[in-house]
Amino acid sequence: MHNCCSSQEQVNGLNRHGWWRDAVIYQVYVRSFLDSTGDGIGDLAGVRAGLPYLKKLGVDGIWLSPFYPSPQHDHGYDVADYCDVDPVFGDLDEFDQLVAAARRLGVKVLLDVVPNHCSAEHPWFREALAAGPGSAARARFHFADGRGPDGAEPPNNWHAMFGGPAWTRITEADGSPGQWYLHMFTPEQPDWNWRNPEIPAEFDRVLRFWLDRGVDGFRIDVAAGLYKHPELPDSDDPEIDARTRDSVNPLAWNQPEVHDVWRHWRSVCEEYTARDGRERLLVGEVSVPSAREHAKYVRPDELHQAFFFDLLGAPWDADAFRKVISEAMEDIAGTGSTVTWVLNNHDQVRTVTRYGEPAPEASGLGAARARAAALLMLALPGAAYIYQGEELGLPEVVDLPDDVLTDPIFHRTGSRARIRDGCRVPLPWSGQASPFGFTTGAQNAKPWLPQPEYFAEYVTERALADTRSFWHLYRDGLQLRSALPQLGEGTLRWLDAEPGVLAFVRGDGLVCAVNFGTAPTPAPVSGIPLLTSGPCPPGVLAGSTTAWWIADGTPET
Ligand code: NOJ
């Protein structure tokens, strides 16, 4: 953001000054952003129409959730064709127009690539089903004979992340009970066998297809996945992934071979940079058991960034936040990367609800805390990701009826616990009633998930007009980030503070303080703050509030 560097530095792999190091990227969940055709589902033309809005907000780039042809069993994370656009979202021509429009505005475009698994409708999986045991087509996946009499038991005892066994038995072409295939998510998402050289070669082709179309990088789904233990042995705790909803089965995730894939992908990115000087970005969804393992993914020749999810997982508590922030800084030190902060995404309960009361009461404490957390995140050293609707202060929609839920977690487990539809409800843009401007085309269909009436309070047109809105807080924070050299990449030094308050200084004197309590405390520095997440009387840091100051002289710890 603040720095630029010669392409020669980038090519040499120094990467000390890449644009991504302190970039703020906005996650566009395409089906819920803006619908240009009126079928009730957001699309790429809708994203293009929304670019000026995002430019005004001040983000450096966008990450587009998967828009590839897909039967949508997991909203596009089940890819049937990695090199095309699903007609629901547009076509390649529309994609090219989106990339061109974003380039004109100076907004980077990241795609979401899904290399751990595909869709059961991918042509290679269909070929594998037809080809039979022992075929080259089956060797692209994990097919195995079952155990027990007649092979009726799965090849091992692993459970899938979204519930049920990680194996599904097929019926062979002759109608006989057949082999089993591995899927760490739903049965509609068979896992690729990365030990087969055809798979890395195919993904090399996929990356180049999109890089040739001008994208600036990729968010990588399940980046600690891909390889499994070569013997696929039984696990001592086979339900650990489903129980924790995290990829922690040590036999199924985080195998050492995966690092070679990221080294190769990095070299592909650098090959493109060498051609045109534009540095590409790889950001991994890396879920691993320790900070040390996390750091391995962002070594200088691997991924540029890996989401640091511990901030998102921390309870609203000063000590908990200080611990995860310190750990992140230590984790990343020496890797050549910067910390990649995230508070919300399409898999998590939105901050306003997570930190407070359920909607519609969410305008109170949860909203104040979410605002404070946003200003804290934007003050931390490194890069940050914002999930669409976060800039509006949208609460989680917690009361969707069962019959509209689409999350495979709900359908496979029968439980509403931690389901993800509530953070994916289409954005409200304008007006007083659903579809709130989300659906703008001719067909006038209902949004694919119902929008609650109280979304009227959150429409973008209202947020833009109200300087006290979440939108203005994010916009002001982003503007200061680009204007002030203390923000973005750099140092962080903790300051002594009242109990329940976190305070730190950035660079040569930008102070950020967060009051996690509900009672006001004395401000840790004198003077008028540059920006606060809520009203603060002079000399006071209000409860559930963050403030930024430029201090006179560097405050002492
Ligand atoms: C992580 C994605 O964020 C999530 O939405 C998806 O269901 C899983 N990976 C499987 O692809």
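Five strands form an open sheet in the order β12-β13-β14-β18-β16, and the pairing is antiparallel. The edges are held by β12 (492-494) and β16 (531-532), each with a single partner strand, so one side of each is left without a neighbour in the sheet. Strands here are DSSP runs of E with at least two residues, helices are runs of H or I with at least four, and both are numbered from the N terminus. Two strands pair if DSSP finds at least two bridges between them. The model is predicted: local features need pLDDT of at least 70, side-chain atom pairs count only at pLDDT 80 or more, and totals for chains, interfaces and linings use all residues. Residues are numbered from 1 along each chain as its sequence is written, and side-chain values use heavy atoms, with hydrogens and water left out.

Within the sheet of 5 strands, β13 (residues 501-506) and β14 (residues 510-515) pair in the antiparallel sense over 6 bridges. R506 stands opposite L510 in β14. Strands of a sheet pair through backbone hydrogen bonds, either parallel or antiparallel.

Another open sheet has 3 strands, in the order β4-β6-β5, with antiparallel pairing. Here β4 (143-144) and β5 (167-171) stand at the edges; each has a single partner strand, so one side of each is left without a neighbour in the sheet. Strand β6 (residues 177-182) is joined to β4 by 2 bridges, and the two run antiparallel. F143 stands opposite Y181 in β6. Between β5 and β6 there are 4 bridges, again antiparallel. R169 faces W180 of β6 as its opposite residue. β5 and β6 form a hairpin with 5 residues between them. In that turn, G175 has a positive phi of about 90°.

Two loop positions concern backbone geometry. D150 lies in the loop between β4 and β5. D150 has a positive phi of about 60°, although it is not a glycine. P435 is placed in the loop between α13 (408-413) and α14 (460-465). The peptide bond from S434 to P435 is cis, with omega near 15°.

The ligand sits in the largest pocket. On a 1 Å grid over the protein atoms alone, a pocket is an open set of points with protein on both sides within 12 Å along at least five of seven lines. A molecule sits in a pocket if more than half of its atoms lie within 2 Å of its grid points. Around the ligand are 13 residues, the closest being D74, H117, D221, H346 and D347. A residue is near a molecule if one of its heavy atoms lies within 4 Å of it. By class, this shell has 4 nonpolar, 2 polar and 7 charged residues. Ala, Val, Leu, Ile, Met, Phe, Trp, Tyr, Cys and Pro count as nonpolar, Asp, Glu, Lys and Arg as charged, and the others, Gly among them, as polar.

Side chains of the protein reach oxygen atoms of the ligand. An N or O atom in the side chain of D221 is 2.7 Å from a ligand oxygen. For R420, a polar side-chain atom lies 3.0 Å from an oxygen atom of the ligand. For R219, the distance from a polar side-chain atom to a ligand oxygen is 3.1 Å. Taken alone, the ligand exposes 300 Å², and the protein buries 97% of that (Shrake-Rupley method, 1.4 Å probe).

Technical notes: A polar contact is a pair of N or O atoms within 3.5 Å; within protein, one must be able to donate a hydrogen and the other to accept it, and residues adjacent in sequence count only if both atoms are side-chain atoms. On a 1 Å grid over the protein atoms alone, a cavity is a set of points where a 1.4 Å probe fits but cannot get out, and a pocket is an open set with protein on both sides within 12 Å along at least five of seven lines; lining residues have an atom within 4 Å of a point.
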